[in-house]
Amino acid sequence: MAMTMHLDVVSAEESLFSGAVQELLAPGVMGDLGIMPRHSQLISTLKAGELRYKTNDGEASLFIAGGILEVQPSVVTVLADTAIRAEDLDESLAEAAKKRAEDALDGKDPDDMDYETIQAELDAAKAQIEMIHRIGKTLR
Amino acid sequence: MAGLKEIRSQIGSIQNTKKITKAMEMVAASKMRRARERMDASRPYAEKMHQVVSHMANGHLEYQHDFIKDREKVKRVGYIIISSDRGLCGGLNTNLFKKALQSIVEWKEQDVEVDIAVFGSKALSAFKRYGVVAESTHMGDSPSVQDMFGTIKVMLDAYEEGRIDRLFLVENQFVNSMTQTPRVTQLIPVVAGELDEMKSHWDYLYEPESKEVIDTLMKRYIESIIYQGVVENIACEMSARMIAMKSATDNAGDMIDKLKLVYNKARQASITQEISEIVSGAAAVE
């Protein structure tokens, strides 16, 4: 039996995977990372992509929208993001949050157009993620 | 004495109210169960984040993040207040706002300005006049982290740019379904005292630069705490509403019982009167 390490894949909203794996292939921002048991301690940021791992039963994969990988010799944790993060998108969300507060202080209706458009953009992005997810599953 | 018809209609309307509060109680109970599941589901992430961040705060690392360093001079502080969107949940929001206000007033007495970001429309209307800079409301029963980025980022940016020197979180803590306690915690600078046993001398390998990784990690850490707070608040809201509605239902039941007694007395009185009229009428005829 091959040597295994414990892998946890968790996102802020739910736990995605937890179990023993023989090896892990993660989409690091600098390029893909292959992690085997007894790897030295490492922290890396991950970009959106496929997380592949080999369990005793065979290979499996998950789509993650980026996140952070923490490696300890016998435990590996993937802190997955729930959405694709980009500086400019975050920026626009921050602007929207500020604007809503200003509008609310002025007594305006918070559900104005600007918010709606951003919401629509977000929904589109979500749909995109789901699509990538599906493709990822069929490819493996 | 009130007319029989009036009492009857009053009983009817209270009965309707009772039905509504009963329904709300049951809805809140089932939503609470789901909210608690969500709360539990988000816990592993937050715990793991906490572990990694505590390690970094305690370890001898090459790069110290802004969020770990304590600033000596405090000129302006930020508050993030998490409340519910809807009322009818007992004293949940009121207690929270009292706690928040106490803490805010303490700062104001020291001539420290306060910036506030809110989650939930109740907090928005309560803190309007204290200077709300960002808000996220109407996130529903299953909020996504995405809905919160904007508001969180406003506060984190304010900290990084030096506009605020401390950031606090005001939230309800879910003790059990009967008890929720409001609390104020310091988010930034990160307080990482609890994991002293982890004081270790090794450091991680970073990929790419330690700075970039730690920057992302710190942001996610704060976000995860706030997400956890919002999810926890929903569980609190639902259980508080369940209790409030349960006591409303009980009260409605008591009122109906009392009114029924009055109603029966009035009915009996009117029957007695009728009989006595008939009897006296008959007596007069004889």
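Which side chains meet in a salt bridge with Lys31(B)? The partner is Asp141(B), at 3.0 Å from N to O. A salt bridge here is a side-chain nitrogen of Lys or Arg within 4 Å of a carboxyl oxygen of Asp or Glu. The model is predicted, so local features need pLDDT of at least 70, side-chain atom pairs count only at pLDDT 80 or more, and totals for chains, interfaces and linings use all residues. Residues are numbered from 1 along each chain as its sequence is written, chains are lettered from A and ligands numbered from 1 in the order written, and side-chain values use heavy atoms, without hydrogens and water.

Over all chains, 15 salt bridges are found. Lys31(B) lies in helix H1 and Asp141(B) in the loop between strand E3 (132-136) and helix H4 (146-160), 110 residues apart. Helices (H or I, at least four residues) and strands (E, at least two) are DSSP runs, numbered from the N terminus. Arg86(B) also forms a salt bridge with Asp141(B), with the closest N and O atoms 3.9 Å apart.

Relative accessible area is 23% for Lys31(B), 26% for Asp141(B) and 45% for Arg86(B). Each counts as partly exposed, between buried (under 20%) and exposed (over 50%), with a 1.4 Å probe and protein chains only.

Glu237(B) and Arg241(B) form another salt bridge, at 3.0 Å from N to O. Both residues are buried. They are four residues apart in helix H5 of chain B, which means a separation of about one helical turn.
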